[in-house]
Amino acid sequence: MISQLQYISQSPHLENIAAACDAGCNWIQLRVKNKPLPEIASLAEEARRICEGYNATLIINDHPQIAAQVNAHGVHVGQEDMSVAAARQIAGNGRLVGGTANTFDQIRVHAENLATYVGVGPFRFTATKERLSPILGLEGYKQILAAMKEAQINLPLIAIGGLTLEDIPDLVAAGVHGIAVSGLITNAADRAATVKKIYQLLNA
């Protein structure tokens, strides 16, 4: 089951992952950029322990070999990384494999490679990602979802990129499966209340 709310970790990763799990998040993506592989593997090992304690799903961004090494639930690959098929080959068939997309054509390729879900964005500008793809906005998602329906592609679509609570109802109405957020939870004054509100909006 692909969670409707995915938390993308920010530094300090382990502290924020534990706080997100404590607030009620059940799907965590460990996203560590520009660090040596042994350091990422060490963080992944600790993140898995934290997630196990909360029965949360752990996805490793970019590194299928680390996902396999620490026995994470899956891996997520970006547009500039390897294909979903290549990631699955390294991570192992039993793992979830998600892919990032900005266009319908990219989603179609992920579907052909048997992705478990697609993270599609950005919705708007976000400071947490370098080399941002073209902004989609609500209309962009509507067009992509219409194209997916026409092509009979039923992959769960996770919206990502600078999302606020106010954006969720329109995205749900458009047909997204869920959202992936980082700062919305990391920077919340009351993380538990924010997570609860997100779930309410996603299921309204």
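**Legends: the protein chain and helix H2**

**View 1. Overall fold of the predicted model.** The protein chain has nine helices and eight strands. Its radius of gyration is 16 Å, close to the 17 Å that the globule rule gives for 204 residues, so the chain is as compact as a globular protein of that length. The C-alpha trace spans about 40 × 40 × 30 Å along its principal axes. The model is predicted.

View 2. Of the 204 residues, 50% count as buried. Among contacts with a separation of 6 or more, 53% are made by residues 24 or more positions apart.

View 3. The chain carries 16 positive and 18 negative side chains; the centres of the two sets lie 2 Å apart.

**View 4. Helix H2 from end to end.** Helix H2 covers residues 37–54. At 1.5 Å a residue, its 18 residues should span 26 Å, and the end C-alpha atoms are 26 Å apart, which agrees. Just after H2, Asn-55 takes a positive phi of about 55 degrees.

**View 5. The buried residues of H2 and their cover.** Buried residues in H2 are Ile-40, Ala-41, Leu-43, Ala-44, Ala-47, Arg-48, Ile-50 and Cys-51. An α-helix has 3.6 residues a turn, so residues three or four places apart point the same way.

Terms used: Residues are numbered from 1 along each chain as its sequence is written. This is a predicted model: local features need pLDDT of at least 70, side-chain atom pairs count only at pLDDT 80 or more; totals for chains, interfaces and linings use all residues. Side-chain values use heavy atoms; hydrogens and water are left out. Helices (H or I, at least four residues) and strands (E, at least two) are DSSP runs, numbered from the N terminus. The radius of gyration is taken over C-alpha atoms; the globule rule is 2.2 Å times the number of residues to the power 0.38. Buried means under 20% relative accessible area, exposed over 50%, partly exposed in between (1.4 Å probe, protein chains only). Contact means heavy atoms within 4.5 Å. Lys and Arg count as positive and Asp and Glu as negative; His and the chain ends are not counted. The place of a charge is taken as NZ of Lys, CZ of Arg, CG of Asp or CD of Glu. The expected span of a helix is 1.5 Å times one less than its number of residues.
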